[in-house]
Amino acid sequence: MAMLAEPRYHSPEVLDEVFTDLEHFGPSGLPFAGGTDVVVGLRKGKLAPRVMVDLKRVADLAQGIEVNDTWLRIGALTTLSRLVAHPDVRSHFPALVEAANTVGSIQIRNRATLAGNICNASPAADTAPALLAYHARIALVSRHGIRQMPVADFVLGPRRTALRAGEVVNGIDLPLDGGVAGSSFTRLTRRRGVDLATVSVCAVVDRRGTHIAYGAVAPRPFVLTDNAGVLADPHADPAARKALLTGFAAHASPISDLRGSREYRQAMVITCSERALQTAITRRHRP
Amino acid sequence: MSSHRVTLDINGEPHSLDVTATQTLLDALRWQLDLTGTKKCCAEGECGACTVLLDGLAVNSCLVLATELHGASVTTIEGIGTPSSLSRLQDAFLAEGAVQCGFCIPGMVMAAHALLADQPHPDAATIRDRLSGNLCRCAGYPRILRAVQLASSQADE
Ligand code: FES
Ligand code: FES
């Protein structure tokens, strides 16, 4: 059996060296941070880079979590453990905390980064629906500067993102201008504990509307918004609410796999969205 | 094959290792350093048998590359206690009869050790949650839970 050539390992200290590596090696250069998905990919032969570019020591990549009046910025190297422990993330974005806490185990979350979870672009990535429902934007940095886009536009499909050659994630911004919001993340798994989601839903009710985002039920996560106030109204006719959520669920195109059949997932999309919405509304009106 | 020299601290001792880019910390511990207390099972982050502390945090050593660890500090089960002087947590595992075949136990002890360092008196739900990345195929979970509770109750004595 032919041995795959061992890649090289680089640990640049500044972004400039990262860009040089990515220019030199093109698609066979693999930037990574926590490495929890990358190491598995290497071992299974799904990834065969010529050079691995470790981003963890890059001094000019945003490291921690920064907060100003309008944004909370999660630096590219922020691990999920640090994310869920941050007081501002906990108070403003509880559904992101709930979602991040379902990624792997504590051992994984101590290494894995939020940015890496999104770049990996698994249809079942748990943090994606939460970022979509909160209208997060992702900042990408290259030699040509920084560009930003909604996370919803960044994830294109299974393992596909809008990341261009020579670009890495700089950070993920969450808006703080939605007013008093209620939010909740719900996921369905086959068992308690560490498992991939069969269906995941995040609901956010803020002054711009009610945003429901779905994961694991389409090639990529997606978000839909009700601006009419039906979903946000705790006294709305349950039939009207159900009709809206059923309409939303029609955008899902789940597949059958070992975690559940297409039909089961399709039914559970509606159930999960009802649960997530109910909790979000309750949290919003909690004194 | 290109190799990388990595200098790191393992159980308080400085070490220099020559590793390839894709060699995991787990394999370096077991095959190069003969620290075989850290177990290899799934090798993909599912079971927790390979849990060690990296700069004080519990991680799966099968998901960490040795090359990433230049300057890092790693604690393995060999750094927690020795056969002649077990840690309080290890004693508690024995006292509660929590060890059956024993294969998962080093990882369990490391995960529990990280938890108790962080929260000396966790409730049962927290213990279950923080050990949910560690599988025990002998399914000795109730006794493992009791062992962690016992060690936690002794923490101030
Ligand atoms: S061997 Fe590392 S998690 Fe199973
Ligand atoms: S004691 Fe046998 S696997 Fe846990």
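The questions and answers below concern a predicted model with chains A and B.

Reader: How many residues of chain A are in contact with chain B?
Author: The model is predicted, and contact here means heavy atoms within 4.5 Å. On the side of chain B, 31 residues take part. On the side of chain A, the number is 26.

Reader: How much area do chain A and chain B bury between them?
Author: In chain A, A:E6, A:Y9 and A:Q107 lose the most area to chain B, together 28% of what that side buries. Of the area buried between the two chains, 57% is on carbon and sulfur atoms. The area is about 2300 Å².

Reader: Which residue of chain B forms a salt bridge with A:R111?
Author: The count of salt bridges between chain A and chain B is three. In the one formed by A:R111, the closest N and O atoms are 2.9 Å apart, which is within the 4 Å cut-off. The partner of A:R111 is B:E68.

Reader: Which element supplies the largest share of the side of chain A that touches chain B?
Author: Across this interface, eleven residue pairs are in polar contact, both residues at pLDDT 80 or more. On the side of chain A, β1 (8-10), α2 (36-43), β3 (51-54) and α6 (106-109) each supply at least two residues. The largest share is five residues, and it comes from α2(A).

Reader: Which residue of β7(A) is the bridge partner of A:I138?
Author: Strand β6 (residues 137-142) and strand β7 (residues 145-150) of chain A pair in the antiparallel sense over six bridges. They form a hairpin with two residues between them. In β7(A), the bridge partner of A:I138 is A:M149.

Reader: What distance separates the centres of domain 1 and domain 2 of chain B?
Author: Domain 1 of chain B covers 3-79, and domain 2 covers 88-153. Their centres are taken over C-alpha atoms. The distance between them is 21 Å.

Reader: How many salt bridges are counted between domain 1 and domain 2 of chain B?
Author: The two domains do touch, with 15 residues of domain 1 in contact with twelve residues of domain 2. They bury about 1000 Å² between them, 71% of it on carbon and sulfur atoms. The count of salt bridges is zero.

Reader: How many nonpolar residues are on the side of domain 1 of chain B that touches domain 2?
Author: Between these domains, three residue pairs are in polar contact, both residues at pLDDT 80 or more. Strand β3 (residues 51-54) of chain B gives the largest share of the domain 1 side, three residues. By class, that side has three charged and five polar residues, and its nonpolar residues number seven.

Note on methods
Residues are numbered from 1 along each chain as its sequence is written. Chains are lettered from A and ligands numbered from 1 in the order in which they are written. This is a predicted model: local features need pLDDT of at least 70, side-chain atom pairs count only at pLDDT 80 or more; totals for chains, interfaces and linings use all residues. Side-chain values use heavy atoms; hydrogens and water are left out. Buried area is the accessible area (1.4 Å probe) that two parts lose on being put together, summed over both. A salt bridge is a side-chain nitrogen of Lys or Arg within 4 Å of a carboxyl oxygen of Asp or Glu. A polar contact is a pair of N or O atoms within 3.5 Å; within protein, one must be able to donate a hydrogen and the other to accept it, and residues adjacent in sequence count only if both atoms are side-chain atoms. Helices (H or I, at least four residues) and strands (E, at least two) are DSSP runs, numbered from the N terminus. Two strands pair if DSSP finds at least two bridges between them. Domain bounds come from an automatic or database domain assignment. Ala, Val, Leu, Ile, Met, Phe, Trp, Tyr, Cys and Pro count as nonpolar, Asp, Glu, Lys and Arg as charged, and the others, Gly among them, as polar.
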